[in-house]
Amino acid sequence: MSLCVLAFAQDPGAGQKAATDRPQVSLVVKTTTDLSEAADLVSEFTKLNPGVAVEYSKILSTDLFDQVVKSAGTKGTADVVWSSSMDLQIKLANDGYAAEYRSAEADGIFGWARWKDRAYGVTAEPVVIVFNKRLLHEGLVPKDHAELLRLLTDHLPVFQGKIATYDPERSGTGLLFITQDVRVTAQTWKLVAAMGRAKVKLYSSSGPMIDRVSAGDLVLAYNVLGSYALERAKRDQDIGVVFPSDYTLLLSRIALIPQSAQQPELARRFVDFLLSRNGQALLARHSLGSVREDTEPVVAGNADAKIAARPIALSIDLLTYLDQAKRRRFLKDWKEFLQAY
């Protein structure tokens, strides 16, 4: 876990005066989001809330979940919990660990981005296909899921040993994406089989897949988190990003306020800021798409993707594969299709 305490002032003199004239109140935010993606957002929040220091910690999603559960009934260690692990966040909310709060910004966000006034989706991040522009000419770049299946079938030598995707056995994010794919269409299993024939390489996170595509070790990676891909493409001319035109899944990083929060009023203020037009605009600088109905485009990096956007809604359905028996059955099917040829 990395910890960074952020306390920003308008200028050094103002900061010194604030430190001596009034006590600092600490708001503890624990999250899976990199500090680099949120520093300007937290800075702006502290400017709007003089006397508030934000203790911002990046932590693994499973550790975050465990900390909230263990702190139940006591003074907790976090005031705001903000995680990309959608299933674990909804489980916390469903099991009574999240405080009920109807955000002042609730009416401005999409219905799929909130759950019973206990959990709020803060981002809308596309799940994309990443490819190497040097190695794949336009005719070999898939525009949708069906075309990817066709290309893997008709041009197998091009892709053999040169494609990647998440390993759903090692990555909760990867499991979420592939189970959502299957929920959209059973044709997904044909695509899994085609990736198996192409000797797909499996990864536990998006970053290494993007690195390998950029280096040319891979020509294509499937189901990559778009926020990372879009940020990389800004500075790497070899990275191409495809928003599948048939449907583009949208992941949301979910924020909630634990029942055990020591600063619940400040926590509510922070959640409001995350969902506000200002907060959403600051997140959009880092390719983290908006959940607001009055912000365009919904999907960062591609205005057209709004048409095909398929948000992963905050719902009880996200708990399905936390059931170990259902998880084992799904992964058994995954391995059988992947190894079918």
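Predicted model: local features only at pLDDT ≥ 70, side-chain atom pairs only at ≥ 80, totals over all residues.
The chain has 341 residues, of which 53% count as buried. Its secondary structure consists of 14 helices and 14 strands. Contacts between residues at least 6 apart in sequence were also examined, and 79% of them join residues at least 24 apart.

The largest pocket holds about 800 Å³ of space. It is lined by 30 residues, and those closest to its centre are T32, S61, S84, T173 and S204. Four helices, α3 (61-70), α4 (86-94), α7 (172-184) and α9 (206-215), each give two or more residues to this lining. By class, the lining of the largest pocket is made up of 12 polar, 10 nonpolar and 8 charged residues.

Helix α4, one of the elements that contribute to the pocket lining, also contains N94. The relative accessible area of N94 is 35%, which lies between the limits of 20% for buried and 50% for exposed, and N94 is therefore classed as partly exposed. Apart from neighbours within four places in sequence, N94 is in contact with W115, I316 and L319. N94 and R118 are 24 residues apart along the chain, and their C-alpha atoms are separated by 8.5 Å.

Helix α11 covers residues 264-275. With 12 residues at 1.5 Å a residue, α11 should span 16 Å, and the 17 Å between its end C-alpha atoms agrees with this expectation. The buried residues of the helix are L266, A267, F270, V271, D272, F273, L274 and L275. In an α-helix, residues three or four places apart point the same way, because there are 3.6 residues a turn. Within α11, the buried set includes F270 and L274.

L274 has a relative accessibility of 0% and so counts as buried. Once residues up to four places away in sequence are set aside, L274 touches L41, W82, V122, A255, G279, Q280 and L283.

Aromatic side chains form 7 pairs in the model. In one of them, the ring centres of F45 and F270 are 5.0 Å apart and the planes meet at 85°; the angle is over 60 degrees, so the pair is edge-to-face. This pair links distant parts of the chain, since F45 belongs to helix α2 (residues 35-48) and F270 to helix α11, 225 residues apart. Both partners lie under the 20% limit for burial: F45 is buried at 1% relative accessibility, and F270 is buried at 0%.

A further aromatic pair is formed by W189 and F330, with 5.2 Å from centre to centre and 45° between the planes, and this pair is tilted. W189 lies in helix α8 (residues 188-197) and F330 in helix α14 (residues 324-338), so the pair ties together parts of the chain that are 141 residues apart in sequence. W189 and F330 are both buried. The two residues also belong to a cluster linked by ring pairs, in which Y321 and F337 take part as well.

Two residues were examined for their backbone angles. Most residues other than glycine have a negative phi. K116, which is not a glycine, has a positive phi of about 50°. K116 is found in the loop between β5 (114-115) and β6 (119-121). Its relative accessible area of 57% is over the 50% limit, so K116 is exposed.

S287 is also a residue other than glycine with a positive phi, in this case near 65°. The loop between α12 (277-284) and α13 (305-308) contains S287. S287 has a relative accessibility of 5% and therefore counts as buried, whereas K116 is exposed.

Technical notes
Residues numbered from 1 in each chain as written. Heavy atoms only, no water. 1 Å grid on protein atoms, 1.4 Å probe; cavity = no way out; pocket = protein on both sides within 12 Å on 5 of 7 lines; lining within 4 Å. Points joined across faces, edges and corners; volume = space filled by probe spheres on them. Nonpolar A, V, L, I, M, F, W, Y, C, P; charged D, E, K, R; others polar. Buried < 20%, exposed > 50% of the residue type's maximum accessible area, 1.4 Å probe, protein only. Contact = heavy atoms within 4.5 Å. Expected span 1.5 Å × (residues − 1). Phe/Tyr/Trp six-rings, centres within 6.5 Å; stacked < 30°, edge-to-face > 60°.
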